[in-house]
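Welcome! Please take a look at the sequence and the 3D structure below, and then we will walk through them together.

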Amino acid sequence: MSEEKGDGTVGKALDVLDMVARHGRPVRFTELLGQGGYPKATLYRFLQTLTNQGMLAYDPEAQVYSLGVRLVRLAHAAWTQSSLAPIARPWLDRLSAELGETLHLAQLDQGQVLYVDKRNAARPVDMFSQAGKVGPAYCTGVGKAMLAFLPEDRLEQALARQSFHAFTPATLASRAALVSELKMIRKRGYAFDLEEHEPGIICVAAPILSASGRAIGAMSITSTTQRNSLEDLEAVAPRLCEVAAAIAADAQAWRFPEQ
């Protein structure tokens, strides 16, 4: 039996929903059976309930389950109410037209980076980050910009969730190296990604800070080593910080959970 989560039937049903979602594709009953430790009849009952409620969709011809339309509507509502994306959109559009480079907007989620919006460069570059994707915080510009402005207790929690895998030779692959970098970022006011996550990809990132000075998000200008140098990115850092501050000001009327 799946480990007891302390919230009964609802918790178990959500566990089954997570099982389907983790596959990232339509999934058969037999694939789910055994994964969560639920008896066959129990798993079937939860799948039927979730399907009846529109949280899952069932294709009888292919005999597969996938995420349902109701779940998509709920996700969209959550995104609209808790994401910085709707507030930042006009600022991203304006800065994108002004600079012609790739822009990212991100927030922290359980110590990791959740990309919530993106603007492609005039000459797009293939890279990992896309809106909706989750990436590491310790080796990305937006991640480090947000980590640097977390209060001590939240920072400790976030650091404990970092894998410190060396993606490239430039990755800050230890807690000590990252903490040292975060101190410099806090003093400087913005962060860099110097090919730390992907070879050839560099960026400058600025935190989006609440009235109390805590990071509610971050944004970055991203380019390649073939197109721009570190000096080029540092030259636009003041403009990036201006836009980040403008987004923060617009966000004051909204209630975001401080990280």
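## A term to start with

A salt bridge, as the word is used here, is a side-chain nitrogen of Lys or Arg within 4 Å of a carboxyl oxygen of Asp or Glu. Side chains of opposite charge can pair when their charged atoms come close. Keep this in mind for the pairs further down.

## The model as a whole

What you see is a predicted model. The average pLDDT of the protein is 88, and 88% of the residues score at least 70. Residues 1-6 have a pLDDT below 50, and this stretch has 11 contacts in the model beyond near neighbours in sequence.

The protein has 259 residues, and 46% of them are buried. Its secondary structure comes to 9 helices and 8 strands. Of the contacts with a separation of 6 or more, 57% are between residues 24 or more positions apart.

## Salt bridges across the chain

How many salt bridges does a search of the whole structure find? The search finds 9. One of them joins the side chains of Arg119 and Asp93, at 2.6 Å from N to O. This pair links distant parts of the chain, with Arg119 in strand β4 (residues 112-119) and Asp93 in helix α5 (residues 85-99), 26 residues apart. Are these two residues buried or exposed, or partly exposed? Arg119 has a relative accessible area of 14%, so Arg119 is buried, since buried means under 20%. Asp93 has a relative accessible area of 38% and is therefore partly exposed.

A second pair is Glu101 and Arg227, whose side chains meet in a salt bridge at 3.3 Å, N to O. Glu101 lies in the loop between α5 and β3 and Arg227 in the loop between β8 and α9, 126 residues apart, and the pair links distant parts of the chain. Glu101 is buried because its relative accessible area is 13%, while Arg227, at 25%, is partly exposed.

Elsewhere, salt bridges that share partners join Asp93, Asp117 and Arg119 into one network.

## Two packed helices

Two packed helices are described by the angle between their axes and the distance between the axes. Helix α1 (residues 8-23) packs against helix α3 (residues 40-52) at an angle of about 85°, and their axes are 10 Å apart. The two helices are therefore roughly perpendicular to each other, because angles of 65 to 115 degrees count as such.

Which residues meet where α1 and α3 pack? From α1 come Thr9, Lys12, Ala13, Val16, Leu17, Met19 and Val20, and from α3 come Leu43, Phe46, Leu47 and Leu50. By class, this contact has 9 nonpolar, 1 polar and 1 charged residues.

## A closer look at Cys241

Where is Cys241 found? Cys241 is in helix α9. Its relative accessible area is 25%, so Cys241 is partly exposed.

Leaving aside residues up to four places away in sequence, Cys241 touches Gly189, Tyr190 and Ala206. Cys241 and Ala205 are 36 residues apart in sequence, and their C-alpha atoms are 8.3 Å apart in space.

Definitions and conventions:
Residues are numbered from 1 along each chain as its sequence is written. This is a predicted model: local features need pLDDT of at least 70, side-chain atom pairs count only at pLDDT 80 or more; totals for chains, interfaces and linings use all residues. Side-chain values use heavy atoms; hydrogens and water are left out. pLDDT is the predictor's confidence in each residue, from 0 to 100. Contact means heavy atoms within 4.5 Å. Helices (H or I, at least four residues) and strands (E, at least two) are DSSP runs, numbered from the N terminus. Buried means under 20% relative accessible area, exposed over 50%, partly exposed in between (1.4 Å probe, protein chains only). Axes are lines fitted to C-alpha atoms, for helices over the stretch in contact, and angles run from 0 to 180 degrees between N-to-C directions. Angles under 35 degrees count as roughly parallel, over 145 as roughly antiparallel, 65 to 115 as roughly perpendicular and the rest as oblique. Ala, Val, Leu, Ile, Met, Phe, Trp, Tyr, Cys and Pro count as nonpolar, Asp, Glu, Lys and Arg as charged, and the others, Gly among them, as polar.
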